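This report describes one protein chain and how its parts are arranged. Please look at the sequence and the structure before reading on.

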Amino acid sequence: MLVLLAGIFVVHIATVVMLFVSTIANVWMAGTSPRGANSTGLWLNCIAGKCSQITFAEGDMPSLKAVQAFMILAIIFSFVSLVMFVVQLFTMEKGKRFYITGASMLLCWLFILIAVSIYTARFPHYFTEPQDHHGYSFILAWICFCFSFIIGVLYLVLRKK
């Protein structure tokens, strides 16, 4: 049981780190242009090493703000869940389940789902070149989506022994 809890804790820390990287890094879309390699994240648009503010169409900016907000909420709830796990580990009675930790991790899962779904639905028309593709930040967000669901369910099922 101790090994299982330690494994879940390590995966949870990895998920928090990957969420930070996914949100901060500017590689949600990547590709090449005549001016060089380009990448676009949630905050900046980088072309040939020079970064500037994102300039999407006016109708897409509220969607981008929603993706930013939900990714930040996912980071917050993932971190809160990690802290709650440590607190519950040392204060909870034996035989009890990690309900609060699991619920906050499943909220993190929901926020990631909403963020990447909005991004997937609203921004595919910005892939103008054949070599444009989703970057590693976008893929990390989907990996965090999977990990946060698995961890959230495990927290709800596990009992402290």
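A search of the whole structure, which is a predicted model, finds 14 aromatic pairs. Rings of Phe, Tyr and Trp (its six-membered ring) pair if their centres lie within 6.5 Å; planes under 30 degrees apart count as stacked, over 60 as edge-to-face and the rest as tilted. One of the pairs is F85 with F98, which is tilted. This pair links distant parts of the chain, since F85 sits in helix α2 and F98 in the loop between α2 and α3, 13 residues apart. Helices (H or I, at least four residues) and strands (E, at least two) are DSSP runs, numbered from the N terminus. Another tilted pair is formed by Y119 and F138. Here Y119 belongs to helix α3 and F138 to helix α4, 19 residues apart, and again distant parts of the chain are linked.

| Pair | Centre to centre | Between the planes |
|---|---|---|
| F85 and F98 | 5.3 Å | 50 degrees |
| Y119 and F138 | 5.9 Å | 40 degrees |

Are the residues of these pairs buried or exposed? Buried means under 20% relative accessible area, exposed over 50%, and partly exposed in between (1.4 Å probe, protein chains only). F85 is buried at 1%, and F98 is buried at 0%. Y119 is buried at 1%, and F138 at 6% is buried too. Ring pairs also join Y119 and F138 to W28, W109, F123, W142, F145 and F149 in a cluster.

Helix α3 covers residues 99-122. Among the buried residues of α3 are T101, C108, F111 and Y119. The buried residues of this helix pack against α1, β1, β2, α2 and α4 (contact means heavy atoms within 4.5 Å).

V87 lies in helix α2 and is partly exposed, at 38%. Its C-alpha atom is separated by 9.6 Å from that of T101, 14 residues apart along the chain.

The strands form an open sheet of five, in the order β4-β3-β2-β1-β5, with antiparallel pairing (two strands pair if DSSP finds at least two bridges between them). β4 (50-53) and β5 (133-134) are the edge strands, each pairing on one side only. Three bridges join β2 to β3, and N38 has I47 as its bridge partner in β3.

Residues are numbered from 1 along each chain as its sequence is written, and side-chain values use heavy atoms, with hydrogens and water left out. In this predicted model, local features need pLDDT of at least 70 and side-chain atom pairs count only at pLDDT 80 or more, while totals for chains, interfaces and linings use all residues.

Note on methods
Expected span 1.5 Å × (residues − 1).
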